[in-house]
Amino acid sequence: MAKKQKKAAKPAKKASKKAAAKSVRKIAAKKVARKTTKLTARRPAAKAAPKAAKRAARNGIGTPRPSARPYGQAGKALDGVRILDFTHVQSGPTCTQLLAFMGADVIKVERPGVGDITRGQLRDVKGADSLYFTMLNGNKRSITIDSKNPKGKEILERLVKHCDVLVENFAPGALDRMGLTWEHIHKLNPRMIVASVKGFGPGPYEDCKVYENVAQCAGGSASTTGFRDGPPLVTGAQIGDSGTGLHLAFGIVSALYQRVRTGRGQRVLAAMQDGVLNLARVKLRDQQRLKHGPLTEYSQYGEGVPFGDSVPRAGNDSGGGQPGWILKCKGWETDPNAYVYFITQAPVWEAICDLIGKPEWKTHPDYAKPPARLPRLKHIFATIEQWTMTKTKFEVMETCNKHDIPVGPILSMKEIAEEKSLRDTGTVVEVDHPARGKYLTVGNPVKMSDSITEVTRSPLLGEHTEEILAKELGYSKAEIEAIKQSGAITPEEKGRAEAA
C-alpha cells in the first residue's frame, strides 16, 4: 500500500513542479509587462523624439544622421536636382547658373545651329562665344533640340518627365505655343516645378516685353536715382535681370523644399517689376514717410528745398538715416574713380572732427548734434573733402576704419578684376575655354561651408546633346542616329544634308 502511495505521489510532484514553473513564468511576464508599461508611460515615443525630428516629421522630411565626411566633401546642396533650362539672355540664365553653382544638373535647351542669342552678342573674340554668354552659362550642359520637329517634341517630353524643374523666361505665351502648357507639363510629371521670369505680374501690362532698363523704370528705381535737378537714371547694376534671377532661384529652392512635403510641383513666378521694387523697398518706405513731413536725412531738407508729393532723386545721399556723400580723393583730376563714399555717422562724429582738423566742431552748437548739422551738410562734406583730397581712397579707408568711420572706395571694374581677395574667395574666377582661352567670370556669390562651388566653363552649343540623350534619357546608338537624321537635334540644313 505504501509503495502504491509513493508511486502515486511522483506524478503529483511533477504536476506541482510544472504548475510552479508556469506560475513563475506568469509572474515574470507580468513584471516585464509592468516594466514595459512604466517605461512607455515615462517616455512616450512622441516626447522622446527631438524637436528637430518632430519639425522634420511635420514637413515630411527624414532625419538622416549627420554626415561623417569632412565639411565640403559631403556633396553639394542641390545634388540630384535636374533643371530643364529654357532660358536665354540674362535673367533666366542667372537663375539657373546659381542653381548649378549649388550642385543642380542644369540641362540648357537651345535651338540647333543658333543657340542662346547672347552667344553672338557683343562678341570680342572671333569664332568664340561672347563673354555675355560664357559668364552666365557656366556649370551647365547644352542640348540642341528643334521643338517644332516631332522627334524633338518627343525628346522634350522625355526631358520633362526626367527633370525636377523647368525654368523659362520666354515672352508671354511662348511656352504654351510650344505645347508645353502648365496642364500638359503637370500631366507628364506631377512633381515638376515650372518657374518663369516675366516682366510684369498679372495685370494690365502682363503681356508686355521687358528688358533690364524697362524693369528699373517700372520698379521705381530710376525715378529715385540721380540728382534732383537732373533726369531719372538707371543703375549699372543689373537689378532687373540678375536681381530677378536671384529672386526666382529662391522661389525654386522653396518649391523644391515644399515638394518634399506635398509630393507635387507648382508654378513659380518672378516678375521683374516686383524684383526691382523689392530691391528699392526703402524708397517705398520713404514715400509713406513723406506723408507725415519732409525727409530730414535727404540733403535737400538741409538746403531748405521743399519736397513734392513723391520721393525725390537724392544724388549720393545714403538713404539710411546717416548722411553720406561721394568725395574726391588724391588723383581725382586724372582718375575718374579716385573717390570715396563717406558717412558722417553720429557715434563717430568726434573722431571725424579730429581727423579733419576741426576739433572745435565737437562742441560747437552748429555742429555737435545731428539735427544742427542737417542744414550745414553741404559745407561739412566740402570740409571733409579737403581732407580726403590729400589721401588716396585706400589711405582714407585705412585711416577711417581704425576709428570705425564707415567709408568705402569707389572701385573700378579694373580694380575689382585684379583684386586678389576676390580671387581667393572665388567671387572672381578665371576659367579656361576651348575657343576663347582664359576669361574672368563671377563665381557663386553665396558661400556655404558644406557645399563647395566649383566653377566650370560654359558649354559649346549642343556639346552634351548625345550624352544627355544616351545617359539621361536612355536612347540607344541606333535611336540617336535616327534622331540626327530627323533633324531634331541638328541645324536645318545639316539635318537635310544628312538625311539625303
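**Sheet and helix packing**

An open sheet of 6 strands runs in the order β3-β2-β1-β4-β5-β6, with parallel pairing. Strands are DSSP E runs of at least two residues, helices H or I runs of at least four, both numbered from the N terminus; two strands pair if DSSP finds at least two bridges between them.

Me: What kind of model is this?
Reply: This is a predicted model; local features need pLDDT of at least 70, side-chain atom pairs count only at pLDDT 80 or more, and totals for chains, interfaces and linings use all residues. Residues are numbered from 1 along each chain as its sequence is written, and side-chain values use heavy atoms, leaving out hydrogens and water.

Me: How many bridges join β2 and β3?
Reply: 5, in the parallel sense. I107 stands opposite R141 in β3.

Me: What does helix α6 touch?
Reply: α6 (residues 150-162) packs on the sheet and touches β1 (82-86), β2 and β4 (165-168). Touching means heavy atoms within 4.5 Å.

Me: New topic. At what angle do α20 and α21 cross?
Reply: Roughly 140 degrees, with the axes coming within 10 Å. Axes are lines fitted to C-alpha atoms, for helices over the stretch in contact; angles run from 0 to 180 degrees between N-to-C directions.

Me: Which residues make the contact?
Reply: E466, L469 and A470 of α20, with I480, I483 and K484 of α21.
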